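Colleague: Could you take me through this fold and tell me what stands behind each term you use?
Modeller: Gladly; let us look together.

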Amino acid sequence: MKVSVIVPIYNVSQYLHQCIDSLINQSYENIEIILVNDGSDDESLLICHYFKSIDNRILIIDKENNGLVSARKEGLKISSGDLILNVDGDDWLPNEAIKN
């Protein structure tokens with residue numbers, strides 16, 4: 001089964017490296033990582049593009065700020081997974097989280 005991980009992002013550049021690192025290093029690899037930049041005015045979007053350049057499972061949506069729920073809904077629109085996992089941009093997961 002494929003898992004779509006939706007990450008709404010708004011001005012969390014100080015946490016974003018750790019968040020995305022924890023996702024791309026999951027032991028369960030059949031995932032897509034949907035990064036939804038919700039109008040950030042910090043370095044968040046640049047960080048997203050950096051990670052997209054090193055992992056082809058990453059998709060980026062860059063949209064005007066409309067809040068958390070709106071960002072999650074935008075991620076759902078393009079998701080192709082059998083399961084959906086919501087992770088906030090200032091969170092990170094242990095390597096076995098999705099597998100478990």
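Modeller: Two strands count as paired if DSSP finds at least two bridges between them; strands are DSSP runs of E with at least two residues, helices runs of H or I with at least four, numbered from the N terminus. This is a predicted model: local features need pLDDT of at least 70, side-chain atom pairs count only at pLDDT 80 or more, and totals for chains, interfaces and linings use all residues. Residues are numbered from 1 along each chain, and side-chain values use heavy atoms, without hydrogens and water.

Colleague: What makes β2 and β3 a pair?
Modeller: Six bridges join β2 (residues 31–38) to β3, and the two run parallel; because the definition asks for at least two, they pair.

Colleague: Why do β3 and β4 stand at the edges?
Modeller: The open, parallel sheet has the order β3-β2-β1-β4. β3 (58–63) and β4 (83–86) each have a single partner strand, so one side of each is left without a neighbour in the sheet.

Colleague: What makes a set of residues a nonpolar core?
Modeller: Its members are buried Ala, Val, Leu, Ile, Met, Phe, Trp, Tyr and Cys residues joined through side-chain atoms within 4.5 Å, where buried means under 20% relative accessible area with a 1.4 Å probe, protein chains only. The largest one here has 20 residues, and Val7, Ile20, Leu23 and Leu35 touch the most other members. Helix α1 gives the most to this core, with five residues.

Terms used: Buried means under 20% relative accessible area, exposed over 50%, partly exposed in between (1.4 Å probe, protein chains only).
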